[in-house]
Amino acid sequence: MKIPIKWLKEYVKFKLSPEDLAEKLTMAGTEVGAIEYHGGGIENVVCGKIKAVERNDAHLICEIDLGTEIIKTITDDLSLQVGDRVPVASDESKLAEGIHVKKIALSGVESFGMLCRPHELGLAKADHVMKLPLDAKIGMDVKKVLGKNGIVLDLDVLPNRGDLQSIIGVAREVAAVLNDKIQNPNVKLIETNRKVNIKVEVKDKELCPRYMARVIEGVKIKDSPQWIKEKLLLSGVRPINNVVDITNFVLLEYGQPLHAFDADKVDKIVVRKAKAGEKIKTLDEQELKLDSGILVIADSKKPIAVAGIMGGIGTEVALNTQNILLESAFFNPISINKTSQMLKLRSESSVRFGKGVDWDGVAAALDRAAQLIAELGEGKILAGKIDKKAKSRKCKQLAIRVENTNRLLGTKLKAAEIIKILGRLGFKKIKSSMKSVTVSVPLSRFGDIEREVDLVEEVARIYGYDKIDTTISRVSQELSTDAFEKNSRKIKEILAGAGLYEVQTFSILDPKYPERLGLEADYIPIANPLTEDESVLRTIMLPSILKAVDHNLRHQIDDLGIFEVGKVYHKAKSYVETNMLAGALTGQGADFFALKGIIETLLFEFGSSKFESIQSNLLHPGQSAGIIFENKAVGWFGELNPDISKRYDFKKPVYVFEINLEVLFSAIKLTKKCKPLPKFPKSDRDVAMFIKDSVTHAGILETIREVGGSMVEDIQLFDVYKNSRAYRITYRDKNRTLTVDEVNAKHEEILKSLTTKLGVELRK
Amino acid sequence: MVERIKAVEDEAISRLNEIKNLQELEAWRIRYLGKKGLLTELVKNLKNIPTEDRPHFGKNLNITKNKLENIIKEKRVTLESADKEKKIKSSAVDITMPGKGIKRGKLHPITQVMNEVVDIFLRLGFSIADGPDIETDYYNFEALNIPKHHASRDMWSTLYIEKDTLLRTHTSPVQIRVMEKKKPPLAIIAPGKVYRRDADVTHSTVFHQVEGFMVDKNITFADLKGTLTALLHAIFGKAKRVRFRPSYFPFTEPSAEVDVECVNCGGKGKLSNGESCRVCKETGWLEILGCGMIDPNVFKNLKYDPDKYSGYAFGMGIERIAMLKFGISDIRLFFENDLRFLKQF
Ligand SMILES: [Zn+2]
């Protein structure tokens, strides 16, 4: 909401600087997003009149009269027409901060100067070249056209504060914040003797609880006076003609959307729901198909406006219009929001009706606009007004308890202070005691202030959040173990310690990932994705991990190890989300056993693990393994299948893993039990051998253990070269010291068994 | 005979001067003082000498022996210390060479900030809870006092899976899920991923939030202010000013937006070179989180008596805090996972 300070001061007097006012409003809940200084810093920009336009592909070549000379300028705004007044900047011009004159050169056409868009003059951002009022003098400095040094507050109005979508509403808020009073506009209507004769029928009083209208006859459609144009321009609205400008002006002033019909083109007004199949062509030339839920304004035959959202073509005010039917209404906010979403139509009107307008403002704004149309359009207001309403709305009465207010805020306010604060906001005291205050809620806050707690908030924000104490409470709740958090943090610390970097990836992906990985496309799609790249939920971590690998490889980071703890998503009877751990290793030092070592190190923290061979399309058939933790299959790892690698254009092997954390964490045994330390010495014996291809490490261990029995405490593989292996066997008895002869005999026995059973060739 | 002793002594001393290391010294010792050494041979020879000459001869022999033993002792000390020095010298290292190493990875900056926030609340006695990413319209909106077609729904641009099923737009549904199952007193934080249909340099379709709430008898807005001020001081430093200003959320009343003094310009709105601060858009303040007292309508859905219990709730975007803390200007950097980026934190 744009609030020109000069305009605001017509309703509330204050001496604060714009910055101080902005600070006060912000701290009372209405954030001032920006303070705009119009014309400040803008120099040598003048008003030009378009004399001729010529289309050249995506551009218009405009001939522009600057008063002193005529220039040719190229623009990409195709909406310009002959006769339009536009701001023209030249090389010597100064524009809003950070914007410079850009020249568009087109083959064969020389371009002088630039046509400015509103933000280039320090106004709100817009796609189109700014159009100045049609009576703006050619060659005049735009600062004069815009109103010199207009200062405008740009407010971010909260969704519950429909009452602040008007200058008067903001004036009321400023008055409350500054503890001051407001001055309402002085509306004096002069009606003729003839009475309003239009028939109005409201068929749906729930969607339209109040419908008012007046008729003004003999209106001359022409340009608005400068004082209206200036206010509209500063508020970001383009002046069109006096009647349209007045409806916009009153919309800004009161926050009440109005609609002006050409009274001669409307035989009667029926407010009803659209019939299935009905259509309407709106003012912006769209043909809309209506359905039966949508509220319309119709004449005796057809819809002439989508209620509260947009008028139709054919009944609008045109240059030859003489008699005006002016509508002011209260439409059901929910219905307006629904229709606006359904038709994808948003307008200044729909936004205001959607937040709810002021019940009393419906009448006040109608009179204000009728008065202005009569004054500025030399028309006559017919006697009386149409006012069809469900029932009169009365101010709601609400009680606020003193103790409850202090209980919620942590304050020590008294009844008198509460009455004072609410009084500043226009809540009138009905009755009060030490314990409780009853007030009536102004109709402008209808729908926003409905409960005691809403009053508590009003008290808090005007009292000042900064005046409320800062304390810290604790509650005596049962301590939780937060096991998932603890374990996943452990995982992250261990893996980072092992040299891997943690990544954070999107859980929503490109739907092409299953095809790249040779998987079935059983993902959950998003109905309204922002982009195709982020349109399905992943069923597996791998594609996210590979995306991160791919990014790094493309940026010449060839050696990397990464991991992530994240979720995958499946649809069964309901939606299932599973916490997973996944990662990848590639480049220098990366191989199957490097990754296996990391996984072993990780699982060693939680319990005992082993590995078994598996078949997976995701992995290299000769370098793939299943991970078994405490006898449960928890995941897999190995080299990424070379076919997939090729699809990603990875030049070196990438080793990947994925572990289901839900299964892993549930398999962790909670008890850790201490075993006594050995009391007697150990004896080590080494064995070196050549093995056949069919012999595995696991087979060797098994053979040694089988023969060694309880005498063998530990077996370590300490050297590997091609098919040569060297092991160190540790012998120990927990009850006595083993003799040299005993150890030698057992060791010989083991060597013999290795030779006969596995056919290894012992090395001396 | 005495001459022979003298000759051995002279030879020994002259040879000793040429000795350069411990091995030569040992050879010298064996030659003169060893079991078969020259001096030892002379001692053995005593028995061939007339008895009356023996004392005189023996005395001379002893003097020479002691002399040589002392000399060798001294020489050994000199040689040993020279030897030690040489060894130390030869094993000196270039301390500027790189360490051998354990290559350590790092936690993602989002995780680092998330852990920091979570740890602060764990110390304040909060427990962790979580909820699903795929939520129902009921938990994400309706139970939080955001009815269908209400103007406030525009505050969240939502990604839908199907009708009434969506990707949660905030972590606030966890409030409802916890309060449905448990009774006060409660102090809960819920970290997690959230989704919005919105993307640019400061907005990401997927990002992280931490939700927190406390419900008991007599929990006040002052408690909310105290707790969040403590949090922000812990994250951004005690010297930073914090302000609470009125705002609107359908699920809290009163509601507040919390700002912290701009980390870029120190709250001045302008940089030291006079340029305007882009981080805070010249306001001197950074919007950090939204919060408020839980709305009685939320309690009513859960059958909590709002006259008996009160509570506060807050939600904050972790990426936003991390961006401000680390000076990151583009949110997309978090999710590209470029190692050159991740190594910096
Ligand atoms: Zn700043």
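Leaving aside neighbours within four places in sequence, Gly162(A) is in contact (heavy atoms within 4.5 Å) with Lys355(A) and Gly356(A). This is a predicted model, in which local features need pLDDT of at least 70 and side-chain atom pairs count only at pLDDT 80 or more, while totals for chains, interfaces and linings use all residues. Residues are numbered from 1 along each chain as its sequence is written, and side-chain values use heavy atoms, with hydrogens and water left out.

Gly162(A) lies in the loop between strand 8 (151–156) and helix 4 (167–178) of chain A; helices (H or I, at least four residues) and strands (E, at least two) are DSSP runs, numbered from the N terminus. Gly162(A) counts as buried because its relative accessibility is 13%, the cut-off for buried being under 20% relative accessible area (1.4 Å probe, protein chains only). The C-alpha atom of Gly162(A) is 29 Å from that of Lys131(A), 31 residues apart along the chain.

Between the two chains, 85 residues of chain A are in contact with 94 residues of chain B. The counts between them are tabulated here.

| Item, chain A to chain B | Count |
|---|---|
| Salt bridges | 8 salt bridges |
| Polar contacts (both at pLDDT 80 or more) | 47 residue pairs |

A salt bridge is a side-chain nitrogen of Lys or Arg within 4 Å of a carboxyl oxygen of Asp or Glu. A polar contact is a pair of N or O atoms within 3.5 Å; within protein, one must be able to donate a hydrogen and the other to accept it, and residues adjacent in sequence count only if both atoms are side-chain atoms. Arg243(B) forms a salt bridge with Glu23(A), with the closest N and O atoms 3.9 Å apart.

Key. Chains lettered and ligands numbered in written order. Buried < 20%, exposed > 50% of the residue type's maximum accessible area, 1.4 Å probe, protein only.
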